[in-house]
Amino acid sequence: NPDYIEKIDIIYLIDSTGSMREELKNATKLSINNAKYNRKNYPNIDFQFGFIYYNDPIDVPTDFNDFLQLTEDFTKIQNFCDNWKMQGGGDLAEDWVGGYDIALNKIKWREGRRLIIHICDSPAHGPLFSKDCDDNHKEKKYEIDLINKIKECAKKNIEIIGVCCGYIPKDCFLECKKIYDKNYGKNFTINEYDRDNIKNLIPIKNI
């Protein structure tokens with residue numbers, strides 16, 4: 001169909017706790033530049049972009065997560081990102097569950113291709129995910145919660161690209177990928193964070 005326009009929704013899910021202090025601004029800038037790159041280089045695709053910043057209200061009650069709904073408006077995107085403030089984070093493990101809960105229950109995905117680009121330097125809570133990392137909340141509840149979120153992403157055909165800032169979150173992403181693949185998810189890839197290259201941050205060829 002010559003009139004068909006593919007729709008692609010991309011959510012940038014970013015850890016904004018204190019351990020990301022050195023990388024948060026750069027990761028946000030790279031994400032915005034990547035969104036602009038996609039728009040410019042794939043003019044026949046109908047893109048929308050959104051952002052989720054998550055912290056660790058599980059460990060620090062004053063922390064909170066927030067999001068920008070999918071949009072084509074880069075002014076809205078820039079304003080949201082510029083006004084976001086980094087928060088504490090407490091222990092090393094962070095609130096992945098809260099981030100994915102927003103993605104699954106508050107983001108207004110369209111029919112079409114759906115991607116979550118998850119950029120972080122720390123694992124999730126729960127023994128399966130945090131393993132030997134500093135985690136004040138190794139209760140099974142948090143493990144089960146994230147397992148269910150990843151299963152739901154797979155069932156809703158939401159692709160996930162995990163981007164590791166350093167080596168620490170890789171094992172957590174690998175565990176999530178096992179769950180995702182076991183539930184017949186469409187595509188889960190794990191990349192190393194490249195602070196200088198927007199093409200390597202997210203595999204453009206997959207789009």
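Me: At what angle do H1 and helix H2 pack in this model?
Reply: Happy to start there. This is a predicted model, in which local features need pLDDT of at least 70, side-chain atom pairs count only at pLDDT 80 or more, and totals for chains, interfaces and linings use all residues. Residues are numbered from 1 along each chain as its sequence is written, and side-chain values use heavy atoms, leaving out hydrogens and water. The axes of H1 and H2 (residues 74–83) lie 11 Å apart, and the packing angle is about 170 degrees.

Me: Are H1 and H2 roughly parallel or roughly antiparallel?
Reply: Axes are lines fitted to C-alpha atoms, for helices over the stretch in contact, and angles run from 0 to 180 degrees between N-to-C directions. Angles under 35 degrees count as roughly parallel, over 145 as roughly antiparallel, 65 to 115 as roughly perpendicular and the rest as oblique. The H1 and H2 pair is therefore roughly antiparallel.

Me: Which residues of H2 meet H1?
Reply: Contact here means heavy atoms within 4.5 Å. From H1, the residues involved are Thr 28, Ile 32, Ala 35, Lys 36 and Arg 39. Their counterparts in H2 are Phe 74, Ile 77, Gln 78 and Cys 81.

Me: In what order do the six strands form the open sheet?
Reply: Helices (H or I, at least four residues) and strands (E, at least two) are DSSP runs, numbered from the N terminus. Two strands pair if DSSP finds at least two bridges between them. The pairing in this sheet is mixed, and the order is E3-E2-E1-E4-E5-E6.

Me: Which are the edge strands?
Reply: Each edge strand pairs on one side only. The two that do so are E3 and strand E6 (188–192).

Me: Which residue in E2 is the bridge partner of Leu 13?
Reply: Strand E1 (residues 6–15) and E2 are paired in the parallel sense, over 10 bridges. The chain gets from E1 to E2 through helix H1 (residues 24–41), in a right-handed β-α-β crossover. Right-handed means that, with the strands pointing away from the viewer, the path from the first strand over the helix to the second runs clockwise. Leu 13 has as its partner Ile 52.

Me: Which residue in E3 is the bridge partner of Phe 49?
Reply: E2 and strand E3 (residues 66–71) run antiparallel and are joined by four bridges. Within this pair, the partner of Phe 49 is Thr 71.

Me: Why is strand E2 largely enclosed by the rest of the structure?
Reply: Buried means under 20% relative accessible area, exposed over 50%, and partly exposed in between (1.4 Å probe, protein chains only). E2 (residues 45–54) is largely enclosed because its buried residues number nine of the 10.

Me: Is Lys 85 buried or exposed?
Reply: Lys 85 sits in the loop between H2 and helix H3 (96–105). Its relative accessibility is 58%, so Lys 85 counts as exposed.

Me: Which residue in E5 is the bridge partner of Ile 116?
Reply: Strand E4 (residues 113–120) pairs with strand E5 (residues 158–164) in the parallel sense, over seven bridges. E5 is mostly covered, with seven of its seven residues buried. For Ile 116, the partner is Ile 160.

Me: Which residue in E6 stands opposite Ile 160?
Reply: E5 and E6 run parallel and are joined by five bridges. Together with helix H6 (residues 170–182), they make a right-handed β-α-β unit. Opposite Ile 160 stands Phe 188.
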